[in-house]
Amino acid sequence: MPVLTRLVPSPLFVEIRSGALDALGGILADQRLSASGRIAVAISNGSGAAMRRRLEPALPGADWYNVDDGSLDSAVRLAESMRGGHYDAIVGLGGGKIIDAAKYAAARVGLPLVAVATNLAHDGICSPVSTLDNDAGRGSYGVPSPIGIIVDLDVIRQAPARFVAAGIGDVVSNISACADWELSHAVTGEPVDGLAIAMARSAGENLLRHPGNTQDQDLLTALAEALVLSGIAMNIAGSSRPSSGACHEICHALDVLYPKRSAQHGEQVGLGAAFASFLRGERELTGLIVERLASHGLPVTAAQIGFTEAEFTEAVHYAPNTRPGRFTILEHLDLSPSAIRDAYADYVQAVNS
Ligand SMILES: [Zn+2]
């Protein structure tokens with residue numbers, strides 16, 4: 001009997017628990033990732049200093065690199081400065097911007113990356129995508145996924161609540177992204193991957209229905225696990241498809257059209273997911289998404305993140321340009337600006353009713 005199977009690309013280890021940070025050196029040695037302790041640690045210029053003071057004594061073989069910001073330039077500079085250091089691995093220690101810059105730099109120098117997340121703002125902690133600011137606003141770059149993920153729940157609890165809530169928006173948007181993928185399958189015949197959808201959607205559904213708040217250990221664990229599953233779903237799919245549909249196209253359009261004003265990724269994609277679900281006619285789901293986002297203080301209207309109806313309309317109209325070839329409810333309906341304005345007015349009315 002032939003045994004047919006497939007290999008699922010996944011991290012070597014995932015440690016989500018209280019106290020994981022102080023075990024970092026031991027984890028790297030136990031996983032045979034760095035027996036010598038020769039690692040490069042990328043940290044933020046600001047809040048990274050306190051982390052460095054705390055961890056430096058336990059990581060004597062580490063070199064520390066400050067990352068200025070989440071720009072492509074910073075990521076390239078980081079790669080250049082680490083070159084020739086003969087490291088076993090790179091550790092990205094910080095929020096989403098640091099991990100994205102470290103992922104990109106690790107890919108450039110051909111070393112494995114361990115992501116040590118200090119907040120849970122988006123699904124980049126485990127995804128094969130690095131999102132960096134560039135001359136055109138913001139770009140997404142394909143990179144290898146992190147080889148290990150460490151989330152210390154004690155550290156996450158001290159992160160600003162806004163940076164944890166945003167991650168819930170990103171995970172919940174999986175539900176809308178998967179619906180867009182299935183729509184494309186029905187309309188265009190695009191193949192779907194049932195395993196990728198199962199992982200991405202389960203992650204989203206869990207957070208959609210989780211009643212906890214961002215100080216709640218159980219919710220933080222669920223969120224960290226959901227972000228990891230989202231990343232693996234993208235690896236299985238070979239693209240960001242299971243976690244990125246119209247929700248993300250709208251977010252990318254806001255980033256491109258209003259680069260200095262855009263809100264957090266997770267805030268924008270959550271709003272995008274609610275509006276995309278409304279456009280697909282999924283009124284009950286829209287209500288559930290809006291209710292959950294609002295319960296975590298996440299925006300559910302454009303006004304709540306400082307955009308006028310006209311600006312949001314323009315972004316939704318522009319959105320399909322941000323991901324050419326990706327078919328979502330936006331490409332399917334191909335709405336005119338006035339039709340988008342009307343639909344958004346109906347959406348706002350439904351949200352407020
Ligand atoms: Zn996202």
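Reader: Why is Asp170 called buried?

Author: Its relative accessible area is 0%. Buried means under 20% relative accessible area, exposed means over 50%, and partly exposed lies in between (1.4 Å probe, protein chains only). Since 0% is under 20%, Asp170 is buried.

Reader: What kind of model is this?

Author: This is a predicted model, where local features need pLDDT of at least 70 and side-chain atom pairs count only at pLDDT 80 or more, while totals for chains, interfaces and linings use all residues. Residues are numbered from 1 along each chain as its sequence is written, and side-chain values use heavy atoms, with hydrogens and water left out.

Reader: What makes Asp170 a donor of the zinc ion?

Author: Distance. Donors are N, O and S atoms within 2.8 Å of the metal (3.2 Å for Na, K and Ca); water is not among the atoms, so sites may look incomplete. The protein donors are Asp170 (OD), His248 (NE2) and His265 (NE2), at 2.1 to 2.2 Å from the zinc ion. These distances are within 2.8 Å, so the three residues count as donors. Along the chain, their spacing reads D-x77-H-x16-H. Asp170 sits in helix H6 (residues 161–188) and His265 in helix H10 (residues 265–279), so this pair, 95 residues apart, links distant parts of the chain. Helices are DSSP runs of H or I with at least four residues, strands are runs of E with at least two, and both are numbered from the N terminus.

Reader: Why is strand S5 called largely enclosed?

Author: S5 covers residues 113–117, and five of its five residues are buried, so the rest of the structure largely encloses it. Leu113, Ala115 and Ala117 are buried on one side, and Val114 and Val116 on the other. In a regular strand, side chains alternate between the two faces of the sheet.

Reader: What makes S4 and S5 a pair?

Author: Two strands pair if DSSP finds at least two bridges between them. Strand S4 (residues 89–94) has five bridges to S5, so the two pair, and they run parallel. Gly92 has Ala115 as its bridge partner in S5. S5 also pairs with strand S8 (residues 148–152), parallel, over four bridges. There, Val116 stands opposite Ile150.
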